[in-house]
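Visitor: I would like to go through this structure with you and ask what stands behind each term you use.

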Number of protein chains: 2
Amino acid sequence: MEPSTSVFSHHISSQFNENLEDVNAKFMAMGGLVEQQVANAIHALLDTNLDLAVKVQEADNNVNQHERDIDEALTLILARRHPAASDLRMVLAMSKANTDLERIGDEAAKIARIAQALSEDGESPRGYMETRHIGNQVRIMIREALDAFARLDAEAALHVMRADADIDREYSSAMRALMTYMIEDPRHISRVINVMWVLRSLERIGDHARNISEQVIYMVKGLDVRHTDFEQIEETVQGKSKPKND
Amino acid sequence: MEPSTSVFSHHISSQFNENLEDVNAKFMAMGGLVEQQVANAIHALLDTNLDLAVKVQEADNNVNQHERDIDEALTLILARRHPAASDLRMVLAMSKANTDLERIGDEAAKIARIAQALSEDGESPRGYMETRHIGNQVRIMIREALDAFARLDAEAALHVMRADADIDREYSSAMRALMTYMIEDPRHISRVINVMWVLRSLERIGDHARNISEQVIYMVKGLDVRHTDFEQIEETVQGKSKPKND
């Protein structure tokens, strides 16, 4: 489907259009907020910025409130408008993606808690190269997944899924490096473990961005591609065959 | 609401009853399967049972298939039957809880992967007391959350949420103990880190069981109690006041 500003304009009921547009706007605002939370959490950690670390944890309430509002709006649409076909898929996809966004927010808050602890200990930011690198990549993934969602762009969603496979590889390699470092110099065990938790959170954020991308493909193609080989998904989205689930 | 076998009998359309009963049966089968996966993963780890560890990882495909089937059935009900009020809440709650069950399955598979690695290394099961203890508790939480769901029992759901707070405390204390152990005797760093990942997975499973319980309260009371203080939820469920979200 082509990017279009008229995604919502095909309905006979203008009330329905308005409801869907409203909740879509809320969903995109939630996405922007969550993306900022991840960016701030990583900055708080790398710059040992205590104020920012506290701010991210406080703003998590705001993320949670967005989640509730969006789910409430989606439930009202289902109860009153009985959406069908692609509209129903959009409502359901948004409901699933809403949960993923909230979980990304949780991981950002976890990173901020660790940033606060390390900053209070006066620890200098060493061994953070992997965090910076993987952190930048997952931020791009969130942004691209949300863009794909807004534009109903299955190809862009595929691109995010490909990036998630890269993150998983880099995560494993970073974890091995940290483990070796810890064994060679056990004095820094406690700090290295904290960096490991941060990397784990970043890897989880990548998974959630991938989940959101799977929902984009569900909206656009009407296919549930969760737990499916990437190559099969790629062939399906690019119109070469039907997916075979594993 | 009292436990009842006639939860589905109030609908005029017998077709609707049948659809809801079918998907409910699938959901409960999924729950039983996931509960078994967690039990097997913990056994595989504690008994260094390589075969069982492999079996759990293979069976994760089965869990994933259940997730897809349930979501497909729920989407059909929404598209064809336009459920309202408590029926709509049940469909939406099942959709959210379905995701949580699948994630519990993922955590069980992660534990099984670690069990396999440790078993291939010929590591003897030491330092596993916390794993056994917290493992037993989260298994009980899953069972109780599913029972609460089946019986639409908000009080039982509250009980699960209370248990999750206990798990979180025991998890933190176990992690501190493992950290100390590692610093005192760095020869076992690699194995202790693996035990930490297992504990983290168990703690996440407890969170998912709590999420399922929140959906029970949503079904029964029509209230979204996510991100709400436990005391406020308790007062609301026990009919003392309205919840104030944080």
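Visitor: What makes residues 49–76 of chain A a helical span?
Guide: In this predicted model, the span is 96% helix and 0% strand, and its end C-alpha atoms lie 41 Å apart; helices are DSSP runs of H or I with at least four residues, strands are runs of E with at least two, and both are numbered from the N terminus. An unreviewed UniProt entry annotates residues 49–76 of chain A as "coiled-coil region", although such annotations may be inferred rather than shown by experiment.

Visitor: Why is the pair A:Lys96 and B:Asp71 called a salt bridge?
Guide: The term requires a side-chain nitrogen of Lys or Arg within 4 Å of a carboxyl oxygen of Asp or Glu, and because the closest N and O atoms of A:Lys96 and B:Asp71 are 2.9 Å apart, the pair qualifies. Across the interface of chain A and chain B, the rule finds 8 salt bridges.

Visitor: Which elements of chain A give two or more residues to the side that touches chain B?
Guide: They are α2 (50–81), α3 (85–120), α5 (154–184) and α6 (189–221) of chain A, and α6(A) gives the most, with 11 residues.

Visitor: How many residues of chain A are in contact with chain B?
Guide: With contact meaning heavy atoms within 4.5 Å, 42 residues of chain A are in contact with 42 residues of chain B.

Visitor: On what numbering and confidence does this rest?
Guide: Residues are numbered from 1 along each chain as its sequence is written, and chains are lettered from A in the order in which they are written. Local features need pLDDT of at least 70 and side-chain atom pairs count only at pLDDT 80 or more, whereas totals for chains, interfaces and linings use all residues, and side-chain values use heavy atoms, with hydrogens and water left out.
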